[in-house]
Amino acid sequence: QLDASSLDEVSALAAVHTLELCELRLRDVSALGTVHTLRIFGAPLVREVSALARVHSLELCNLPLVEDVSALATVRSLSLVSLPALADVSALGAVRRLRLQELPLVCDVSRLGSVHELDLCRLPLLEEVSALRTVHRLRLRSLPAVEDLSALGTVHTLDLWALPRVLDVSALGTVNSLRLGSLGVQVDPTTLSTVQCLRIAPPEKRASTRSKRSFYV
């Protein structure tokens, strides 16, 4: 882990297996495409990330200029957090583990149904999630515009939290593992009696203390 605020260039780090850079002031990160596990937290000058397509596990957080992530479809595990200029994530359907968080322009996830593990959090424009019925493990958190979950009964593991417009979860009885909390309706457990593993958490006990870097537990 490095405070990269004083780095002039990063080519010497290309052979590192796992690398975490904080407050990177450089514009060019293309030399880091050979790193196995790469985390960049804070890179206000970086606009181009296509050279990172060969990274195995990639986490990008607080990169305000990044608009195009289509080349990152080859990354196996990808986390994109706080990329305010990013609007199109349609090319990421081939990523195995994907987290999208705090992306204010993203409104369409219809092409992400092939993702194995998908975590969507704080996407204020997202309304439609029916195309995610084929995701194996799906986490939906703090999505104020999502209302209809009726198509998600085929998801194996489903985690729902802070979905204020969701009023009906009766169609989720075929989910194998279901965790609920802070929905727009008080859930009656008897309507979900066919769920193999059911957890319903009251809001006061579900407040998360995990860092935004955490994926699935």
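The structure is a predicted model, in which local features require a pLDDT of at least 70 and side-chain atom pairs count only at pLDDT 80 or more, while totals for chains, interfaces and linings use all residues. Residues are numbered from 1 along each chain as its sequence is written, and side-chain values use heavy atoms, with hydrogens and water left out. The secondary structure comes to one helix and 11 strands, where helices (H or I, at least four residues) and strands (E, at least two) are DSSP runs numbered from the N terminus.

**Confidence**

- The protein chain averages a pLDDT of 90, and 89% of the residues score at least 70; pLDDT is the predictor's confidence in each residue, on a scale from 0 to 100.
- Over residues 204-217 the pLDDT is below 50, although this stretch has 31 contacts in the model beyond near neighbours in sequence, a contact meaning heavy atoms within 4.5 Å.
- Where pLDDT is low, the predicted coordinates should not be read in detail.

**Overall architecture**

- Read along the sequence, the protein chain follows the pattern β-β-β-β-β-β-β-β-β-β-β-α.
- Of the contacts in the protein chain with a separation of 6 or more, 7% are between residues 24 or more positions apart.
- Buried residues make up 47% of the 217 residues in the protein chain, with buried meaning under 20% relative accessible area, exposed meaning over 50%, and partly exposed lying in between (1.4 Å probe, protein chains only).
- The protein chain exposes about 10400 Å², of which carbon and sulfur atoms supply 49%; accessible areas come from the Shrake-Rupley method with a 1.4 Å probe, and for residues only the protein chains shown count as cover.

- Strand 2 (residues 18-22) is largely enclosed by the rest of the structure, because four of its five residues are buried.
- Strand 2 runs parallel to strand 3 (residues 37-41), and five bridges join them; two strands are taken to pair if DSSP finds at least two bridges between them.
- Within this pairing, Glu20 stands opposite Arg39 of strand 3, and Arg39 in turn has Glu59 as its bridge partner in strand 4.
- Strand 3 and strand 4 pair in the parallel sense over five bridges, and strand 4 (residues 57-61) is itself largely enclosed by the rest of the structure, since four of its five residues are buried.
- The parallel sense also holds for strand 4 and strand 5 (residues 77-81), which pair over five bridges, with Leu58 standing opposite Leu78 in strand 5.

**Arg99 and its side-chain partners**

- Arg99 lies in strand 6 (residues 97-101) and counts as buried, because its relative accessibility is 1%.
- The side chain of Arg99 is joined to that of Glu59 by a polar contact of 2.9 Å, a polar contact being a pair of N or O atoms within 3.5 Å, of which, within protein, one must be able to donate a hydrogen and the other to accept it, and for which residues adjacent in sequence count only if both atoms are side-chain atoms.
- A further polar contact, of 2.8 Å, joins the side chains of Arg99 and Ser79.

**Loop residues**

- Gly33, found in the loop between strand 2 and strand 3, counts as buried at 2% relative accessibility.
- Leaving aside residues up to four places away in sequence, Gly33 touches Ala51, Leu52, Arg54 and Val55; the C-alpha atoms of Gly33 and Ala53, 20 residues apart along the chain, are separated by 6.7 Å.
- Most residues other than glycine have a negative phi.

**Cysteines**

- A search of the whole structure finds zero disulfides, a disulfide being a pair of cysteine sulfur atoms within 2.5 Å.
- Cys107 counts as partly exposed at 46% relative accessibility, whereas Cys121 is buried, with a relative accessible area of 3%.
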